[in-house]
Amino acid sequence: MYSLVRKTLEIYINEKRIITQSDFPSDVIGMMWKKESVFVTLYLDGRVIASSGRIQCQKENSVYECIDNTLLCLKDSRFSINLQNAENLANIHIRVDTFATEDRRMIQDISELSIRDEWLILLSQNLWTMSVILPHMIHIDATPEKYFTLACQKSGLDPTNISHSDYVLYAIKTRESTDMV
């Protein structure tokens, strides 16, 4: 799927148009029949410069979901206009994570999260917020509790000041496609 992200970015940045089906890389055709959630993350010089994703697929299939999230990355404030050029595009690394509903499980306690291979989704309908933490986001002294604290911070919540009844936690395993070595 990362090849679709790269092609989408190349066409949009260089030609100022949206990718069409005739431009699709051949390796993504199999995803036309899947309707999975997609998260796109762009990296430059080892740091995240843009990301976009949804916990539920909103487009007709995973390919169009990936294209939509790639285009939404262009609006991420970290991916400033001065980075959106052909010269930088060659240095941008891509990670695409996909998952189906059955890859998600509700967890009752943060200690149930395996930070080695699971994401964390914190969803609070009561407080109108949500955040997603990718595996390997914390590189030093990573613990499920630190992932929870980070998820709360991303949502604008104080982890010491919210009740378990205010949120739901999900652990998610994804399939990763990346050009990073």
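This is a predicted model: local features need pLDDT of at least 70, side-chain atom pairs count only at pLDDT 80 or more; totals for chains, interfaces and linings use all residues.
Residues are numbered from 1 along each chain as its sequence is written, and side-chain values use heavy atoms, with hydrogens and water left out.

**View 1. The open sheet β2-β1-β3-β8.** Four strands with antiparallel pairing make up this open sheet, in the order β2-β1-β3-β8. Its edge strands, β2 (47–53) and β8 (175–178), each pair on one side only. Neighbouring strands are turned by 20 degrees against each other on average, direction ignored. Here helices (H or I, at least four residues) and strands (E, at least two) are DSSP runs, numbered from the N terminus, and two strands pair if DSSP finds at least two bridges between them. Look for β3 (residues 93–99), which pairs with β8 over 4 bridges in the antiparallel sense; Arg 95 stands opposite Thr 178 of β8.

**View 2. Two helices packed on this sheet.** Helix α1 (residues 2–15) touches β1 (37–44), β3 and β8, and its direction makes about 125 degrees with that of β3. Helix α2 (residues 62–73) touches β1, β2 and β3, with its direction at about 35 degrees to that of β1. Axes are lines fitted to C-alpha atoms, for helices over the stretch in contact, and angles run from 0 to 180 degrees between N-to-C directions; contact means heavy atoms within 4.5 Å.

**View 3. Helix α1 and Ser 3.** Among the buried residues of α1 are Ser 3, Leu 4 and Leu 9, where buried means under 20% relative accessible area, exposed over 50% and partly exposed in between (1.4 Å probe, protein chains only). The buried residues of α1 pack against β1, α2, α3 and β3. The side chains of Ser 3 and Asp 27 are joined by a polar contact of 2.8 Å; such a contact is a pair of N or O atoms within 3.5 Å, and within protein one must be able to donate a hydrogen and the other to accept it, while residues adjacent in sequence count only if both atoms are side-chain atoms.

**View 4. Phe 79 in the largest nonpolar core.** This core has 29 residues, and those with the most contacts inside it are Leu 42 and Phe 79. A nonpolar core is a set of buried Ala, Val, Leu, Ile, Met, Phe, Trp, Tyr and Cys residues joined through side-chain atoms within 4.5 Å. Leaving aside neighbours within four places in sequence, the contacts of Phe 79 include Leu 9, Leu 42 and Ile 92. Another core, of 15 residues, lies apart from it, with Ile 110 and Leu 169 among them.

View 5. Strand β5 (residues 119–124) is joined to β6 by 5 bridges, and Leu 120 has Ile 133 as its bridge partner in β6.
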